[in-house]
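Reader: Could we go through this model together, beginning with the charged pairs and then turning to the packing?

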Amino acid sequence: MACATAGEALALTAAIESPRVVAHLHEFCRLLRPYRSSASAAELSDRITGMAE
């Protein structure tokens, strides 16, 4: 459920275009690494990585 909620917030994050927000996304993505075996965590991590590039 948390990954789905965070995924919905990504569109708002993209609109902000703040370096600080991008840094927080990278940190969150790093924290998701141990959970990448979960499909929702892997998808969210991939979306974050794609946004932050």
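Author: Glu27 forms a salt bridge with Arg30, and their closest N and O atoms are 2.7 Å apart; a salt bridge here is a side-chain nitrogen of Lys or Arg within 4 Å of a carboxyl oxygen of Asp or Glu. This is a predicted model, in which local features need pLDDT of at least 70 and side-chain atom pairs count only at pLDDT 80 or more, while totals for chains, interfaces and linings use all residues. Residues are numbered from 1 along each chain as its sequence is written, and side-chain values use heavy atoms, with hydrogens and water left out.

Reader: Where do Glu27 and Arg30 lie?

Author: Both are in helix α2 (residues 19–32), three residues apart, which is about one turn of the helix; helices (H or I, at least four residues) and strands (E, at least two) are DSSP runs, numbered from the N terminus.

Reader: How many salt bridges does a search of the whole structure find?

Author: The search finds two.

Reader: Changing topic, at what angle do the axes of α1 and α3 cross?

Author: The axes of helix α1 (residues 2–16) and α3 cross at roughly 10 degrees and come within 10 Å; axes are lines fitted to C-alpha atoms, for helices over the stretch in contact, and angles run from 0 to 180 degrees between N-to-C directions. The two helices are therefore roughly parallel to each other, a label for angles under 35 degrees, with over 145 being roughly antiparallel, 65 to 115 roughly perpendicular and the rest oblique.

Reader: And which residues make up the largest nonpolar core?

Author: Eight residues do: Cys3, Leu10, Leu25, Cys29, Leu32, Ala41, Leu44 and Ile48. A nonpolar core is a set of buried Ala, Val, Leu, Ile, Met, Phe, Trp, Tyr and Cys residues joined through side-chain atoms within 4.5 Å. The elements giving two or more residues to this core are α1, α2 and α3.

How values were computed:
Buried < 20%, exposed > 50% of the residue type's maximum accessible area, 1.4 Å probe, protein only.
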